[in-house]
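Please read them beside the model.

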Amino acid sequence: MALDLVKEKWSNAVAVVTIGALKDEGGTRSSVVRCGGEEGLPFLFAEGKTPHRPVIAMEVLDVEPDDWPQSLTSAIGPAIKNPVEWAVKCEKDYKADLICLRLAGAHPDAQNRPAEQLTKVVKDILQATTIPLILIGCGEDKRDNEILPLCSQAAKGERLLIGETVQANYKTLTASALADGHSIIAQSPIDINIAKQLNILISDMSMSIERIVINPTVGALGYGLEYAYSIMERARLAALSGDKMLGMPFICFVGYEAWRAKEAKASETEFPTWGKQLERGIAWEALTATTFLQAGADILVMRHPKAVELVRKHIDELMKE
Amino acid sequence: MFIIGELINGMYKDIGKAIQTKDKSIIQNKALEQIKAGADALDVNCGPASKDPINDIQWLVNTIQEVTDKPLSIDSSRTQVIESGLKVLKNKAIINSTTADQEKLDILIPLAMRYNARLIGLTISKKGIPQNKDQRLELAAMIVASAQEKGFPVEDLFLDPIVMPVNVAQSQMKDILESLREFKIISDPAPKTVVGLSNVSQGTCQRGLINKTFMIMAVGYGLDGAILDPLDKDLMDGAITSDLILNKHIYCDSYLDAYRKK
């Protein structure tokens, strides 16, 4: 007799967030990305539908990155010096689902680039690419509150996913995103209570839950991955059981985390027994990504083209019913 | 916790009058107010003054389901009134209630099955109100056995241990609480438990405090649902916080608001 597996019944589905707007929707994208909508735990298709497969966004910086290892920068090549060329490469050559532009050059401790240059990069990338765009500030609250509203306005109607809001600083960016028709990233420091609270605060400003994506903050393999995984798992279980204030898709910045790991960055001369640095880095990013897919990640923000290719193939396999 | 709002009952003056004059807005406002305060379902009772409960219950059900799709608990001791209400009910149904008398079980369990309704079973019989835990358990087992025999899903059964006023039956309070826990071990899957809360404070001068304290203690004993006044904010805050303590929802600074918005 065949063994009948126990199936959970869930009462709530994750909200569906749409990123990008087509021409007849007021934007200029030729395709949109829908994420979320899960009716059950990841890849357990017998328990509930997964209407939208996890997507991969590739990270592009507005300035040439100064702390990325050579194994990563050389994979992208000379385009890394030009954010528009870099973005086009992500779309055309690496088949990214979305571009994730990080305005690293805006940081006061970096180049503190003027706002006009930043809005121009946003507009130029939108013009040169056809896939949806995620826009991230420099991470310094005061500077982000100054530049992100301007970038938001410059991309009005494009339905960006824009971030990041945190509990101590969410009002300015939420107001801008509301006015310009964008969705928003709510970031919490690996803390489910703060994740829920921030979602309530943002939705109290009349932002619908179909326009919020949770960044739970993750750690790379060996750097708190299990803890981040358990927080995501707990949030997703609560969401499926009816907690709408945790029922949003997850975005995970796995590239950022994985390439900070010593195992990804350290040279072969330093650790000759660790194997080839390039393979190590790619493996570290890909493994970090595939782990968070199992925790419910909807959007993976990644860096190395080879890791992107591996993870995409893995998603293809996972999505086979 | 599963909260059934108790305020649409003809024994309350405003509701009784609204039923008499067929004033929909009073009923609908009372329904929406309770839902906004966090009620998961609404109890509907024509009250003792209704001269034509068979028609009045239909009018009430229709009036309420114009404004909400929350489950309605059709509350009457007469099976004809319950069936009349179920006939027009489109929302999910709860039958409130059957006793542990075989002749009532034989009518109401099949009725619940026909209308896909959950059923509240009072551990009381023609012989009267049980006086201790063992009598309650015996009546509860009889209701569960009858449900199982007829093929009614036990997890859709809510057992009510019959809460007595604390100033009348003080010595029974501990037995009532312990019954809640023991009802759960009658069968697997276990039946659910519910109490008509306000009875505990009947005739006392600290109604709110006694209601709230009893409810929180009962949640500790495994109570699943209560029929209560959801507009008593302090009481509802206590219910929500009890669930929080038992890890049934996730803490955040605005957890009280978050629960009510669910």
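1. The residues lining the largest cavity divide into five nonpolar, three polar and four charged; here Ala, Val, Leu, Ile, Met, Phe, Trp, Tyr, Cys and Pro count as nonpolar, Asp, Glu, Lys and Arg as charged, and the others, Gly among them, as polar. Among the lining residues are Glu38(A), Phe43(A), His52(A), Arg53(A), Arg236(A), Leu293(A) and Asp298(A). A cavity is a set of points on a 1 Å grid over the protein atoms alone where a 1.4 Å probe fits but cannot get out, and lining residues have an atom within 4 Å of a point.

2. This is a predicted model, in which local features need pLDDT of at least 70, side-chain atom pairs count only at pLDDT 80 or more, and totals for chains, interfaces and linings use all residues. Residues are numbered from 1 along each chain as its sequence is written, chains are lettered from A in the order in which they are written, and side-chain values use heavy atoms, with hydrogens and water left out.

3. In chain B, helix 7 (residues 173–183) meets helix 8 (residues 207–220) through residues including Ile176(B) and Leu180(B) on helix 7 and Phe214(B) and Met217(B) on helix 8; contact means heavy atoms within 4.5 Å. The residues of this contact are seven nonpolar, one polar and one charged.

4. Chain A gives 11 residues to the contact and chain B eight. The two chains bury about 910 Å² between them, 56% of it on carbon and sulfur atoms; buried area is the accessible area (1.4 Å probe) lost on being put together, summed over both parts. Asn193(A), Lys196(A) and Gln197(A) supply 44% of the area that chain A buries against chain B.

Methods. On a 1 Å grid over the protein atoms alone, a cavity is a set of points where a 1.4 Å probe fits but cannot get out, and a pocket is an open set with protein on both sides within 12 Å along at least five of seven lines; lining residues have an atom within 4 Å of a point. Helices (H or I, at least four residues) and strands (E, at least two) are DSSP runs, numbered from the N terminus.
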